[in-house]
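Q: Please take a close look at one part of this structure and describe its surroundings in plain terms.

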Amino acid sequence: MGTGKKMSVSFVIIAIVLLWLKTYAVYKFNFDIDIENKMQEFILFINPLSFLMLIIGAGIFMANRKQKIYVVATSFITSFVLYANVVYYREFSDFITIPLLTQTSNLGDLKSSVGELVSWADILYFTDAFLILALAFVKVPRISFKKYKSIGAAAFYFSTIGLAFFNLGLSESERPELLTRTFDREILVKNIGTYNHHIYDAYLQTKTTAQRALADGNELTEIENYTRAHYTAPSKEMFGAAKGKNIIVISMESTQSFVIGQKVNGQEITPFLNEFIKDSYYFDNFYHQTAQGKTSDSEFLLENSLYPLGRGAVFFTHSGNQYMSLAERLKENNYYTAKLHANNKSFWNRDVMYNNFGYDRFYSLPDYQVNEENSVGWGMKDVDFFDQSIEHLKEMPKPFFAKFITLTNHFPFELDEEDKFIDEYDSPSGTLNRYFPTVRYTDESFKLFIEDLKAEGLYEDSIIVIYGDHYGISENHNRSMEQYLGKEITPFVSTQLQRVPLIVHIPGHEGKTISTVSGQIDLRPTLLNLAGIDTKQDIQFGTDLFSEKQDNFVVLRDGSFITDDVVYTKGTCYDKVTEEPTDQASCEPYMEQAKNELSYSDQIIYGDLLRFYEKDEQ
């Protein structure tokens with residue numbers, strides 16, 4: 001009796017299956033992807049497969065050594081792309097985009113952050129790639145390295161294409177207009193997968209590059225009409241309330257509102273700010289609206305009252321655009337304008353962008369005496385930063401607009417023992433535990449800075465604005481945040497945690513808490529109106545925070561929005577009183593406005609449309 005032919009398994013298929021299963025495991029254990037039903041789980045399971053079949057499957061056209069080298073190399077590259085998303089997600093609960101990868105000039109300053117996010121154990125993410133390497137070069141029975149015949153190759157790729165369209169069809173049934181209306185990358189990854197998300201991102205990058213070349217002034221007309229229709233007149237009482245006074249704006253690194261007025265281990269987290277608020281206007285429903293650009297996005301919002309981009313940072317991707325910046329408008333009205341930040345001037349492309357915004361001076365790293373004793377984490381300690389900045393303020397022509405960017409309360413929230421005014425928190429999250437002492441340290445730096453302003457005679461001649469730039473504690477630390485807050489973090493609570501402090505101190509004005517729903521996009525019109533500068537003709541999406549007709553509506557970059565009554569996030573409408581999901585009809589009146597504002601702002605940036613506005617005005 002003859003022996004039957006032994007079955008063999010294609011090396012290419014083995015590699016595809018291993019990477020497929022690993023990717024799904026990463027989805028489940030490393031990405032906090034919300035799954036609502038069995039269909040969404042099935043889509044999540046199959047969505048990596050068509051890409052892996054397309055890319056690694058090219059190995060079927062090769063044989064033996066060439067196939068081994070190609071499949072092994074592709075497996076390692078694909079694994080690295082997935083791992084890069086894992087590392088980025090650990091801190092930002094988001095996925096990498098192509099514009100973000102262009103920000104390579106920032107890498108030198110990111111050492112402490114990256115060091116906190118990676119570990120030697122991460123080599124496990126490449127276990128399958130090393131196994132594929134071993135299978136390629138260690139002789140294993142019944143593994144085939146043969147080239148596919150024409151019919152087999154055709155069947156393989158028809159199956160790949162069919163699977164891709166099947167995946168997309170199911171995704172569209174779960175999320176209609178998935179590729180045209182989605183601002184949330186999690187939804188894209190959940191439906192088309194991490195790898196296909198990067199392909200789609202590359203398409204978007206190509207598309208946006210072409211937008212500027214094809215743009216013309218006619219596109220601006222509709223946007224102008226929209227912003228004029230939504231203009232709200234400033235408060236008669238507050239318009240010009242700070243006219244002629246210096247304007248000092250301080251960006252609080254990574255500071256969220258949940259620390260204001262609160263304690264940890266029985267100790268106040270922000271004792272100075274708690275007192276300062278009593279003599280200031282405090283906005284307790286003020287939201288950050290940043291995206292991947294983080295601090296640079298908050299600066300962009302302040303300067304332009306435009307939304308940041310959903311992908312990358314405008315400071316890098318569109319630094320050559322024409323803008324109507326806050327600094328430029330203040331300069332037109334005889335203000336000296338300066339930025340103060342004790343960091344490398346090229347970090348986040350600031351030197352280029354500040355010049356474009358029209359700043360008179362950027363006080364950066366060379367303008368400060370920085371040494372090992374007065375530095376921690378990302379650079380110069382806030383206490384020393386403010387102390388040395390006083391001399392810069394004294395030399396500025398008056399009135400001045402001075403914008404400060406703090407550093408100490410920056411991930412991974414490192415602090416020398418002698419600078420800890422309160423103890424660390426005790427939770428499973430080291431990040432959250434360290435966060436409270438660094439916030440407390442920055443609070444102390446504000447106290448000393450205000451004392452110095454008073455001693456130098458600058459306090460009474462200045463309005464002082466302090467605001468949080470973006471979140472400090474991401475959703476990856478929700479379990480520990482639930483411990484601190486004493487309640488479950490639902491999507492509603494997570495959205496509310498995007499509130500950051502806004503404090504406006506005007507000499508001679510009594511303190512007042514204002515609960516208007518507002519965001520960073522409202523800062524530009526508010527500051528200009530306080531300075532007595534009319535903004536009616538400006539293209540901006542924010543409204544004056546002191547206006548009697550402020551619309552109590554704020555849009556976040558992922559498409560979420562908040563009003564007096566509802567919060568809309570992740571496709572669900574929440575009642576603000578009950579904090580529970582409510583009828584979608586309660587949110588529908590605002591959905592179109594939120595979509596339009598993000599779309600109009602994107603059009604302005606991608607098309608560089610304000611260059612046409614300038615020409616029309618001349």
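A: Leucine 133 sits in helix H7, where helices (H or I, at least four residues) and strands (E, at least two) are DSSP runs numbered from the N terminus. This is a predicted model, in which local features need pLDDT of at least 70 and side-chain atom pairs count only at pLDDT 80 or more, while totals for chains, interfaces and linings use all residues. Residues are numbered from 1 along each chain as its sequence is written, and side-chain values use heavy atoms, with hydrogens and water left out.

Leucine 133 has a relative accessible area of 32% and is therefore partly exposed (buried means under 20%, exposed over 50%, partly exposed in between, with a 1.4 Å probe and protein chains only). Leu133 belongs to a nonpolar surface patch of about 580 Å², made together with Ile69, Ile123, Leu124, Phe130 and Phe137. Accessible areas come from the Shrake-Rupley method with a 1.4 Å probe; for residues, only the protein chains shown count as cover. A patch takes residues with over 30% relative accessible area and no salt bridge, joining like charges within 9 Å and nonpolar side chains (Val, Leu, Ile, Met, Phe, Trp, Tyr) within 5 Å. A salt bridge here is a side-chain nitrogen of Lys or Arg within 4 Å of a carboxyl oxygen of Asp or Glu.

Helix H7 covers residues 127-137 and gives the most to the nonpolar patch, with three residues.

Elsewhere, four strands form an open antiparallel sheet in the order S17-S18-S19-S20; two strands pair if DSSP finds at least two bridges between them. Its edge strands, S17 (553-555) and S20 (572-575), each pair on one side only. Four bridges join S19 (residues 566-569) to S20, and tyrosine 568 stands opposite cysteine 573 in S20.
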